Amino acid sequence: MENKKLSTSLTDSRFGGWGWSMIFYCMILYFFYAALTTDGQNLFPAAFANLHGWDENALLAYASPAGILGIIGGFVFGRLILKTNSRIISSVTLIVTGVLFAVFGMVTSITLYIAVLVLICFFAAGFGTIACPAFMAAWFPRKKGIALGWATMGAPLSSAFFVTGFSLLLDKCGVKTAFLIVGIATVIIGVLSFFWAKNDPAEVGALPDHMELDDSFQLEEKPVDDKAFSIANILKNKNTWLIAIGFGLLWMVTVGVISQFIPRMISVGYTSAEALRFMLISSLIAIPGSYFWGWLDSKTGTKMASVVYAASYVIALILLITSFHPVLVWIGCIFVGLGIGGLLNLLSSMIISAFGRDGFMSANSIIMPIASIIRVLAFLVMAMLLQVSGGSFTLPYFVFIGIDVVGAIIILLIPVKK
């Protein structure tokens, strides 16, 4: 049993060697999930529109129904993980997603574009919204805030380096080769996962949270109460709906802002290179931002940290509306960046808080797909509002402010203690 220099605080970053290994692994999973399902929407519609002459706004709008259909994967893999384990789900879905992404660059019709995008969203949910949080819940049930704060840095790292890197690949190599390279990289991570990922600390003689066990833990395996955490009982639990809807609305706002951040900057007169630089700055700010939300979670509780998160995005949206002045653009980048990695952190943490380590995987298999359905509506809502406003982002941003406030109010109703 790994017992040297055990942690004694819920807010320190002493996770042990294997704990850090799993945090780094989940960081990579969050990177690829954000890159392939959200951040890429800054580039995918324009790339295919330029290649085939398709309508860019229509391609953006298709991301919402494709994402909704793909979210079925969240439920499917959420139930499969209960019958198999996190390592198998993450490994297999990474490999399949990588193959699909490589094929994505070769599509020659809008029908195939939508079909492959659906499948990418379907299988990416397996490692991004199901396996990854399950690893975190098993390894860090008490230090979930800080651990997730580190792991979810993968999302802003994607915004920083995937968008810039993939843009360069598209320019230098063309659409087909760029998608092929990223697809192969995803497959490689999937193959490595079979040997790297560990379902539970006990597999390698480590302790949950790298802390001494207390009365809430048992070293021997005990069966999960399937009846208490059945689909019917989870759906009857009001926490399920408050968490799914509240965080789903906040997630919609975050995705709506991030996925169209570059087009927004271009729309107010900045060049593509300048817009990419603003995106990079925001994403770099988001790296310590992810840790900040984890720290705030551990200090104040997940509910209050989530309300502060919502307030930060209201400020971000106001600054983006007034982003015609360079000073406001720079301040806006800070607030946009702070939130990039926070949502994945806080949503998973709230599910663990409400349902515990034993009930997390069952509850997550229901809550995450529902929240994800709301999340992907961001693309459709954004596309429709841009059509109404004639391409101006002011109307969508005012609507998103209202959505953000509603989400925060719903989260305040969650009856979870610190």
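Student: Before we get going, what counts as nonpolar, charged or polar here?
Tutor: Ala, Val, Leu, Ile, Met, Phe, Trp, Tyr, Cys and Pro count as nonpolar, Asp, Glu, Lys and Arg as charged, and the others, Gly among them, as polar. Keep in mind that this is a predicted model.

Student: Got it. How do the residues lining the largest cavity divide, then?
Tutor: Nine are nonpolar, three polar and two charged.

Student: And what's the volume of that largest cavity?
Tutor: About 160 Å³.

Student: Which residues lie nearest its centre?
Tutor: Ala 34, Thr 38, Trp 251, Ile 340 and Leu 344, out of 14 lining residues.

Student: Which helices supply at least two residues of that lining?
Tutor: α1 (16-37), α8 (154-173), α11 (238-259) and α16 (342-388) each do. The largest share is from α11, which gives four residues.

Student: OK, switching topic. How many cavities of 30 Å³ or more are there?
Tutor: Three. Tyr 33, Ile 71, Cys 121, Ala 125 and Arg 375 are the closest to its centre, among 13 lining residues.

Terms used. Residues are numbered from 1 along each chain as its sequence is written. This is a predicted model: local features need pLDDT of at least 70, side-chain atom pairs count only at pLDDT 80 or more; totals for chains, interfaces and linings use all residues. Side-chain values use heavy atoms; hydrogens and water are left out. On a 1 Å grid over the protein atoms alone, a cavity is a set of points where a 1.4 Å probe fits but cannot get out, and a pocket is an open set with protein on both sides within 12 Å along at least five of seven lines; lining residues have an atom within 4 Å of a point. Grid points are joined across faces, edges and corners, and a volume is the space filled by probe spheres set on the points.
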